[in-house]
Amino acid sequence: MAGELSATEVAALVAKLEQAHTGGLSLYGLLSLVEALDRATAELDLARRRQSQGSASLTAGMEALLEAEATFAKAPLEVKRILAEELRCAIRPGASGVTERERRRALDFVDGQLKAAAKDAS
């Protein structure tokens with residue numbers, strides 16, 4: 001992991017989740033949020049383990065994650081659902097409000113997911 005999340009970073013993630021729910025993030029924003037949530041989820045799991053073991057060595061970021069646990073519980077699935085809908089819109093030919101660069105990135109992302117799924121099925 002590239003270092004632990006700070007309380008400020010956790011607050012920023014919560015704000016980005018709110019933006020995602022209101023349609024305020026671009027495809028780039030949603031893709032980066034998916035990656036950030038993977039990191040936050042891993043750190044939340046670590047914080048839960050430390051808390052259940054009675055460890056007093058929780059960082060401020062871990063404490064913030066535990067306080068926002070309800071927000072992060074379903075966040076990865078919800079953001080992926082929002083991303084899927086945005087990708088469906090982006091790959092439609094002639095879709096308005098989507099740049100060619102975003103369309104290409106969306107198609108590359110879908111292609112990568114399909115290749116990863118094909119390897120998993122092997």
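So, start with α1 and α5: their axes come within 10 Å and cross at roughly 40°. Axes here are lines fitted to C-alpha atoms, for helices over the stretch in contact, with angles from 0 to 180 degrees between N-to-C directions. Helices are DSSP runs of H or I, at least four residues, numbered from the N terminus. That makes α1 and α5 oblique to each other, meaning the angle isn't under 35 degrees (roughly parallel), over 145 (roughly antiparallel) or 65 to 115 (roughly perpendicular).

Quick housekeeping: this is a predicted model, so local features need pLDDT of at least 70 and side-chain atom pairs count only at pLDDT 80 or more, while totals for chains, interfaces and linings use all residues. Residues are numbered from 1 along each chain as its sequence is written, and side-chain values use heavy atoms, with hydrogens and water left out.

Back to that pair. On the α1 side you've got Leu17, Ala20 and His21, meeting Ala75, Glu78, Val79 and Ile82 in α5; contact means heavy atoms within 4.5 Å.

From α2, residues including Leu27, Leu30, Val34 and Thr41 meet α5 residues, among them Pro76, Leu83, Glu86 and Ala90. By class, this contact of α2 with α5 has 13 nonpolar, one polar and two charged residues. Nonpolar there is Ala, Val, Leu, Ile, Met, Phe, Trp, Tyr, Cys and Pro; charged is Asp, Glu, Lys and Arg; the others, Gly among them, are polar.

Which residues touch the most other members of the largest nonpolar core? Leu33 and Phe72, out of 29 residues. A core is a set of buried Ala, Val, Leu, Ile, Met, Phe, Trp, Tyr and Cys residues joined through side-chain atoms within 4.5 Å. α1, α2, α3 and α5 each give two or more residues to this core, and α2 has the largest share, nine.

Zoom in on Leu33, which sits in α2. It's buried, at 1% relative accessible area; buried means under 20%, exposed over 50%, partly exposed in between, with a 1.4 Å probe and protein chains only. Leaving out residues up to four places away in sequence, Leu33 touches Leu13, Lys16, Leu17, Ala20, Leu25 and Val79.

Last stop, α3, residues 60–67: its buried residues are Gly61, Met62, Ala64, Leu65 and Leu66. Those pack against α1, α2 and α4.
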